[in-house]
Amino acid sequence: MDAFTTLQAVVNGVLTGALYALVGMGMALIFGVMRIVNFAHGTFMMLGMYATYVLFLHGHLIPYYSFPLVALGMYGLGYLIYMGLLRPIHGQSDFMQILLTLGVGLAITDAIQLVFGADYHQINFPLLEKNLHLGSRITVNAPWLVSFGIALVAGAGLYFFVMHTMMGRAARAIAQNRYAAPLMGIHLHRVQAFWFGLGVAAAAVAGSLLLPVFYLYPGVGDQFTLKAFVMVVLGGMESIVGAATAGLLLGVVENLTSLYWGNEWALAVDFVIFLLVLSLRPSGIFGRQKA
Amino acid sequence: MRRWQLALAAAGFMLSLLLPLVVRSDYHLQVLFRIYLFAALGLAWNLVGGYAGQLSLGHAAYFGAGAYGLALFTRAGVPLWAALVMLMGLAMLFALLIGGVSFRLRGPYFALATIAFAEVLHAAAKNLPSVTGGDVGVPVPALFHTNVNRSFYLCAVLLTAAATAATVVISRSRFGYYLMAIREDQDTALSVGVNAARTKLYALLVSAAFTALAGALYGSLFLFIVPDQVLSIDISNEIAIVAMLGGAGTLAGPMVGAVVLESASEIFKTIFQEAHLLIYGLLLIIVVLFLPEGIMGGIEAILRRRKRQES
């Protein structure tokens, strides 16, 4: 294996990583900022993929046009799930949130399997066969590049939203002190429901953008739940930029792992990194060290 | 635990041991085996998840260590009894690794670390065909050759009895009170000199040993195991759900949870076939929202309220 093969894997890794980053940013909002332990994150991503698939099949919309619709729908679903299910157990231990979201994930995944079956699906449109050549040896698949661009814009937009709007300030205030924030006139549940919905929407958009390049099946999101947790912890919990950087890192690490050891080890390497970081530097690679 | 409760539990296990005299169908014995197996698993999980309040979603690691341990150690020529001891040791080694990493941290890290560790083992079992047989699987030696279903059933009952006894002893000991103190308020526990990380680790070690024995029993019944069967996240979830449904931190909870969940899923599997995970999910949501302390916790709350009204 020469340098170009490695470079190609790094390029692919960055392209994959941008979509991971979007999943991770959504989780950073939900888990890092608002401390809602969301075990259904990957399920929401999968649901976004199926929504995109249905819009492609019956509405003839390719993912690059339909993702805003998917985002809107999934935002609504996230909002409802927060208000209907998570709000009533507000203030109870993580334990309860984990079990509740685990239940939501299981129920949705199985419902999807009942409706669409367990078969693998794939969509096809002309752009999928286009390749771009950088230099003589590096090729980039066009849909990956488009997805990368959209993910970049969406991620930047999310960052801007968190840093420069009232809703974003409210969320950061809750992250700093969840008891004082409501005393300052922040409507805790409305803010949390908003950001939960947005985090779910971010995962779903990542799903939309992954649909052209991934096989679709009911369990496709399962591993993303854990990956998203890994990204948030590596990124230093509250930081959505940290989570995004960790997403890029995981993308590159996974592609290099696939290249040198084989695809089947990619996920295991993610988790080994996670366990190492937890034991050596629990505040994350990009987080500030706390006592 | 009062004397009459002890007598009731003992009588219950005696009757369970006599049950095969009445129940003779293999199918029913296998369902009963599953119920007792998951009762034992729920009791083991309960030491960590219920009494110490640390949510483990990776008990498949110890379960798989038991099943694969039995297969691989005996294949290497280790006698059966030594293999049983070694597989418990293997699971405890895994517990030591997970607990050592994550018990120092607060929050949901323990739950995340347990899943991550179990998934690493899952991937390793799948991708190291020279050691574990990979996805093809590996044969497990039979523990019994005659009256197979009856013997396995009796073993599961004995394991449940042992796990119950261990829980009774632990929950009444100083160690047990440490665990509950950590669950209720770790800062206060630390301030009175409880070594929280070490106490939690001991509980996890005991839990892992019982889980591994259950895993070995399960593997030996099937005679052949693959990674997706004994190391999958579904096993971890099912163990946690059994204990939570029945009532985490209660003695009878896991048994009640196992009876309800396993018989319900047996019925669902025949009626709804593919929808049983959907039912699991909904059951979880209902338990969290309406029965946060599980079935036994809910019953206890009602009894307490009635007692208060009487007095």
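**Figure 1. Surroundings of Glu238(B) in the predicted model.** Apart from neighbours up to four places away in sequence, Glu238(B) contacts Arg34(B), Phe38(B), Leu261(B), Glu262(B) and Tyr280(B). The model shown here and in the views that follow is predicted. Glu238(B) is part of helix H12 of chain B, which covers residues 233-246. Is Glu238(B) buried or exposed? Glu238(B) counts as buried because its relative accessibility is 9%, under the 20% limit for that class. One of its contact partners, Arg34(B), is joined to Glu238(B) by a polar contact of 3.4 Å between the two side chains.

**Figure 2. The interface of chain A and chain B.** Chain A contributes 37 residues to the contact and chain B contributes 39 residues. About 3,300 Å² is buried between chain A and chain B, and carbon and sulfur atoms give 83% of this area.

**Figure 3. The side of chain A that touches chain B.** Helix H4 (94-116), helix H9 (222-234) and helix H11 (266-280) of chain A each provide at least two residues of the side that touches chain B. H4(A) gives the most to this side, with 15 residues. Sorted by class, the side of chain A that touches chain B holds 30 nonpolar, 4 polar and 3 charged residues.

**Figure 4. Helix H10 of chain A and its packing.** H10(A) has 21 residues, and the distance from its first C-alpha to its last is 30 Å, close to the 30 Å expected at 1.5 Å a residue. The buried residues of H10(A) include Ile240(A), Ala243(A), Ala246(A), Leu250(A), Val252(A), Glu254(A) and Thr257(A). Glycines are also among them, including Gly242(A), Gly247(A) and Gly251(A). These buried residues pack against helix H1 (3-33), helix H5 (142-164), H9 and H11 of chain A. What caps the N-terminal end of H10(A)? Ser239(A) does, with a side-chain oxygen 3.4 Å from the backbone nitrogen of Val241(A). Just after H10(A), Gly262(A) has a positive phi of about 110°.

**Figure 5. Leu248(A) within helix H10.** Leu248(A) belongs to helix H10 of chain A, residues 240-260. Leu248(A) counts as partly exposed because its relative accessibility is 33%, and that class lies between the limits of 20% and 50%. Residues up to four places away in sequence aside, Leu248(A) touches Gly13(A), Val14(A), Gly17(A) and Ala18(A).

**Figure 6. Phe116(A) in helix H4.** Phe116(A) lies in helix H4 of chain A. With a relative accessibility of 26%, Phe116(A) counts as partly exposed. Beyond its neighbours within four places in sequence, Phe116(A) is in contact with Tyr50(A), Val54(A) and His121(A). Phe116(A) and Pro218(A) are 102 residues apart along the chain, and their C-alpha atoms are separated by 8.2 Å.

Definitions and conventions: Residues are numbered from 1 along each chain as its sequence is written. Chains are lettered from A and ligands numbered from 1 in the order in which they are written. This is a predicted model: local features need pLDDT of at least 70, side-chain atom pairs count only at pLDDT 80 or more; totals for chains, interfaces and linings use all residues. Side-chain values use heavy atoms; hydrogens and water are left out. Contact means heavy atoms within 4.5 Å. Buried area is the accessible area (1.4 Å probe) that two parts lose on being put together, summed over both. Helices (H or I, at least four residues) and strands (E, at least two) are DSSP runs, numbered from the N terminus. Ala, Val, Leu, Ile, Met, Phe, Trp, Tyr, Cys and Pro count as nonpolar, Asp, Glu, Lys and Arg as charged, and the others, Gly among them, as polar. Buried means under 20% relative accessible area, exposed over 50%, partly exposed in between (1.4 Å probe, protein chains only). A polar contact is a pair of N or O atoms within 3.5 Å; within protein, one must be able to donate a hydrogen and the other to accept it, and residues adjacent in sequence count only if both atoms are side-chain atoms. The expected span of a helix is 1.5 Å times one less than its number of residues.
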